[in-house]
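Subject: Structure for your review

Dear colleague,

Please find below the structure I am handing over to you. My findings follow it, beginning with the interface and continuing with helix packing and salt bridges.

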Number of protein chains: 2
Amino acid sequence: MEPIKQRYSHQRETILQVVQSTLVHPNADWVYKETRKIIPNISLGTVYRNLNQLVESGRILKLKDEAMVRYDGNTGQHDHFRCSKCGKWYDVELIDQSIFKSFAEKHDFRIESFNLELEGTCKNCLDS
Amino acid sequence: MEPIKQRYSHQRETILQVVQSTLVHPNADWVYKETRKIIPNISLGTVYRNLNQLVESGRILKLKDEAMVRYDGNTGQHDHFRCSKCGKWYDVELIDQSIFKSFAEKHDFRIESFNLELEGTCKNCLDS
DNA sequence: AAGTTAATAGTAATAGTTACTGTTATGTTT
DNA sequence: AAACATAACAGTAACTATTACTATTAACTT
């Protein structure tokens, strides 16, 4: 099995520049509209495909992995670890959230919620 | 303007019990399927509406607020703060990610990515 | 018991994303 | 430099998560 060769593409490089040139943390549609200013007939599918490729090659970051809302009946303070192999979510006690309060005071933000999500491989999946 | 009265609803209480009875951090569809085992003809719209109401009243948590993927051209270590008023995302340097490594070793997890997102109101929006 | 309207079931519509199809362009081999 | 193989493309259709709509039902009030 040969490794798949990735070819140069004008569209992909333009999309990369668009994402790298901003601090707004854009969604796909924003990238699409901005890139169309440079390549007017680029298609939305091309933008999505290349954003995914750029994430895979580590050249940009994806801020949310699952585009789906999830719920938790446990409203107490805790964080989350998700296993990317089996998909299971673990409640973990990781961070004393008081550190956010001092951060908020320092920067004059008012913090309403924190969401710390770790992703990786859980013990079960590492063992098997 | 009178406050809107919330009436008791068998469906809402059942949905709450379903979410509270599990640790799987379900999405709406899972809640829908489970609740249908108890109320076979409950509709998907009712599940979504009540999940949102339960979140608003603080009886359950919503793990992801925006059901949309966002990208970041800055691949260096940093966290995110999102202003719920103006929607702007701020890069913040908040946590030394080495604490995750010791956590992972302690629990035999392998961590591949961290995602800390704070939400609240930014200085700009607090001032105006 | 009658009246008011929040909540419902069922369905249609919307938004974000992915898949498909015929065509184009990139890199390779003659 | 011409012919070739196929990654990438534009355009569009399909899919999935979520919200909106509508006529009906059921919870509270008087």
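The contact between the two chains involves 60 residues of chain B and 60 residues of chain A. Please note that this is a predicted model. The size of an interface is often given as the accessible area lost when the parts come together. For chain B and chain A, the area buried between them is about 5,700 Å², and carbon and sulfur atoms account for 61% of it.

Salt bridges

Over all chains, the structure holds eight salt bridges. One of these joins A:Asp29 to A:Lys33, with 2.7 Å between the closest N and O atoms. Both A:Asp29 and A:Lys33 belong to helix H2 of chain A, where they are four residues apart, about one turn of the helix.

Helix packing in chain A

Two packed helices are described by the angle between their axes and the distance between the axes. In chain A, helix H1 (residues 10-20) packs against helix H2 (residues 28-38) at an angle of about 120°, and their axes are 10 Å apart. An angle from 65 to 115 degrees would count as roughly perpendicular and one over 145 as roughly antiparallel; H1(A) and H2(A) are therefore oblique to each other. The crossing in which H1(A) passes H2(A) is right-handed. On the H1(A) side, the contact is made by A:Thr14, A:Ile15, A:Val18 and A:Val19; on the H2(A) side, it is made by A:Trp30, A:Val31, A:Glu34, A:Thr35 and A:Ile38. By class, the residues of this contact of H1(A) with H2(A) are six nonpolar, two polar and one charged.

Helix packing in chain B

Helix H1 (residues 10-20) of chain B and H2(B) have axes that come within 10 Å and cross at roughly 120°. H1(B) and H2(B) form a right-handed crossing. Here B:Thr14, B:Ile15, B:Val18 and B:Val19 of H1(B) meet B:Trp30, B:Val31, B:Glu34, B:Thr35 and B:Ile38 of H2(B). The contact of H1(B) with H2(B) comprises six nonpolar, two polar and one charged residues.

Helix H2 (residues 28-38) of chain B also packs with helix H3 (residues 44-56) of chain B, their axes coming within 10 Å and crossing at roughly 120°. H2(B) and H3(B) are therefore oblique to each other, and H2(B) passes H3(B) in a right-handed crossing. H2(B) contributes B:Ala28, B:Val31 and B:Tyr32 to the contact, while H3(B) contributes B:Leu44, B:Val47, B:Tyr48 and B:Leu51. By class, the contact of H2(B) with H3(B) has seven nonpolar residues, no polar and no charged.

Key
Residues are numbered from 1 along each chain as its sequence is written. Chains are lettered from A and ligands numbered from 1 in the order in which they are written. This is a predicted model: local features need pLDDT of at least 70, side-chain atom pairs count only at pLDDT 80 or more; totals for chains, interfaces and linings use all residues. Side-chain values use heavy atoms; hydrogens and water are left out. Axes are lines fitted to C-alpha atoms, for helices over the stretch in contact, and angles run from 0 to 180 degrees between N-to-C directions. Helices (H or I, at least four residues) and strands (E, at least two) are DSSP runs, numbered from the N terminus. Angles under 35 degrees count as roughly parallel, over 145 as roughly antiparallel, 65 to 115 as roughly perpendicular and the rest as oblique. A crossing is left-handed if the near helix is turned anticlockwise from the far one by less than a right angle, and right-handed if clockwise. Contact means heavy atoms within 4.5 Å. Ala, Val, Leu, Ile, Met, Phe, Trp, Tyr, Cys and Pro count as nonpolar, Asp, Glu, Lys and Arg as charged, and the others, Gly among them, as polar. Buried area is the accessible area (1.4 Å probe) that two parts lose on being put together, summed over both. A salt bridge is a side-chain nitrogen of Lys or Arg within 4 Å of a carboxyl oxygen of Asp or Glu.
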